[in-house]
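Student: I should like to work through this structure step by step. May I put my questions to you in turn?

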Amino acid sequence: MQNTTTTTQFNPEALMAERLGKVPFSGIRKVFDKVKELEATGKDVIHWQIGRPDFDTPAHIKEAAIESLRKGEVHYAPNLGTLALRKAIGNRTTIDTGVKVNGETQSIVMAGANEGIMVSMLAFINPGDEVIIANPNWHHYKSCVSLAGGVPVEVDTKESNGFVLDPRDVEAKITPKTKMLCITSPGNPTGAVQSAQSLKELADIAKRHNLLVMSDEIYSRIYYGKEPVAPSIYSVPGMEERTIIINGFSKTYSMDGWRLGWTVASEQLTRALLKVRQYTTVCVNTFIQAGAAHALNADQACVDEMVGQFAARREILLKGIKDIPGLTIAEPLGAFYLFPNISAFCKSSSELADYLLAEHGIATVAGSVFGSAGEGHIRIAYSCSTDECTRGVQRLAQALAAFKARGY
Ligand SMILES: Cc1ncc(COP(=O)(O)O)c(C=O)c1O
């Protein structure tokens, strides 16, 4: 019999969804790979590239997950998350925002804050809808908006203003297509914290223009202000109905590998999020939710201790950076990031970051990875040991002096 099948050459590129062309591979992950390569050759590297705590997950949290596994809690959890964890999330959010939250109906346990962000975009963003995002910012928001078919609209923030979103700049970017305002406070890569007053002004704008607000509060308890937690836009009267809080366990409890986060929103918004999440991860691993519920319900001394260590490292680095002639820095009030201005040394942050890593074993992330307004800066994550911070800042001073001596 004659074979009538015609074969065309298989070209995977041609088959890829158009949306893939709108998102890059992560610039941070590239640094991780380079660090691994250098360490394999025996080079001592200062780990300022990693946006996650260097601590182990506290033992009592691990034990609660192990106990759950021993008890045979190995089957699907509810789509929303276990009731015990949702209740704990509700209580925690009530403590942090001062707004009474019913975790049972208003929260969803997500596979990391990142799932909460992606699910929020899929639930609320139509093709062409605009989402306002600070520039520089954690680059995932832009990609999640684009993957959902939306249009990220960036609002530049400035070092002279501590990298906070200026409500006037936000309002200037609003068009009839604007659907959502994204707030990250404390921020990544800058550590910038929006004041309660600026959040009130942003809330007024959101109400005036009928916007949803996605408030990423994953660093809210890694805060060096007077209160134990950074201010939240959810606390502004009238914002409960239009705000989706994104939060998680990765940073506060050093549980990034557990992949566990949450959303808090009104019952109506939560129903919409649930519809999407039923088709993403379905639910999060049952036994790790037992560990997470214990994290929120148990004594919070472990969080205070970690934040205390971050505060000590922050002091070492701020002092060391201010002592380096040519560097300037906006002193951030949250997270574990510093974002010094390196433009006196080099126009290109990626060129300087490459130099620091290749020639001095200092791993940072170029500010340009976080948006055009991040150019001229490098991100230092002080989620490494205090000793590494002390050695690192001395090494940075030498590296920059050597760079300058070359006459670039
Ligand atoms: C601002 C911000 N939100 C969310 C995340 C991701 O959190 P998760 O590990 O819970 O997905 C990060 C991680 O770096 C972050 O910086």
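Student: What distance does helix 11 reach from its first C-alpha to its last?

Tutor: In this predicted model, helix 11 covers residues 286-297 and has twelve residues. At 1.5 Å a residue, 16 Å is expected. The value for helix 11 is close to that, at 17 Å.

Student: How many residues of helix 11 are buried?

Tutor: A residue counts as buried if 20 or more other C-beta atoms lie within 10 Å of its own. In helix 11, residues such as T286, F287 and L296 are buried. Helix 11 is largely enclosed by the rest of the structure, because the buried residues number eleven of the twelve.

Student: How many of the twelve residues of helix 6 are buried?

Tutor: Helix 6 comprises residues 113-124, and its end C-alpha atoms are 17 Å apart, which agrees with the 16 Å it should span at 1.5 Å a residue. Its buried residues include A113, E115, M118 and F124. Helix 6 is largely enclosed by the rest of the structure, since the number of its residues that are buried is twelve of twelve.

Student: Which residues come nearest to the ligand?

Tutor: There are 13 residues around the ligand. By class, this shell has three nonpolar, eight polar and two charged residues. Those that come nearest are G112, A113, N114, G248 and S250.

Student: What is the radius of gyration of the chain, and why does it agree with a compact globule?

Tutor: The chain has 408 residues, and a compact globule of that length would have a radius of gyration near 22 Å. The chain agrees with this because its own value is 22 Å.

Student: What percentage of the contacts between residues at least 6 apart in sequence join residues at least 24 apart?

Tutor: The secondary structure of the chain comes to 14 helices and twelve strands. Of the 408 residues, 50% count as buried. Among contacts between residues at least 6 apart, the share that joins residues at least 24 apart is 73%.

Student: What distance separates the centres of domain 1 and domain 2?

Tutor: Domain 1 consists of residues 24-53 and 302-405, whereas domain 2 consists of residues 59-297. Taken over C-alpha atoms, their centres are separated by 26 Å.

Student: Which element supplies the largest share of the side of domain 1 that touches domain 2?

Tutor: In domain 1, 29 residues are in contact with 32 residues of domain 2. Helix 12 (301-322) and strand 9 (337-338) each supply at least two residues of the side of domain 1 that touches domain 2. By class, that side has 17 nonpolar, nine polar and three charged residues. The largest share, six residues, comes from helix 12.

Student: Is P58 buried or exposed?

Tutor: P58 is placed in the loop between strand 1 (46-47) and helix 3. Leaving aside neighbours within four places in sequence, P58 is in contact with Y253 and C302. Because P58 has 21 other C-beta atoms within 10 Å, it counts as buried.

Student: Where does P136 lie?

Tutor: The peptide bond from N135 to P136 is cis, with omega near 5°. P136 lies in the loop between strand 3 (130-135) and helix 7 (140-147).

Student: Which residue is joined to P189 by a cis peptide bond?

Tutor: P189 lies in the loop between strand 5 (178-184) and helix 9 (196-208). Omega of the cis bond is about 20°, and the residue joined to P189 is N188.

Student: Is N210 buried or exposed?

Tutor: N210 is found in the loop between helix 9 and strand 6 (212-216). It has a positive phi of about 50°, although it is not a glycine. Because N210 has 9 C-beta neighbours inside 10 Å, it counts as exposed.

Student: What is the phi of R259?

Tutor: R259 is located in the loop between strand 7 (243-248) and strand 8 (261-264). With 19 other C-beta atoms within 10 Å, R259 is partly exposed. Although R259 is not a glycine, its phi is positive, at about 55°.

How values were computed
Residues numbered from 1 in each chain as written. Predicted model: local features only at pLDDT ≥ 70, side-chain atom pairs only at ≥ 80, totals over all residues. Helix = DSSP H or I, 4+ residues; strand = E, 2+ residues; numbered from the N terminus. Rg over C-alpha atoms; globule rule 2.2 N^0.38 Å. Contact = placed C-beta atoms within 7 Å. Expected span 1.5 Å × (residues − 1). Near = placed C-beta within 6 Å. Nonpolar A, V, L, I, M, F, W, Y, C, P; charged D, E, K, R; others polar. Domains from an automatic or database assignment.
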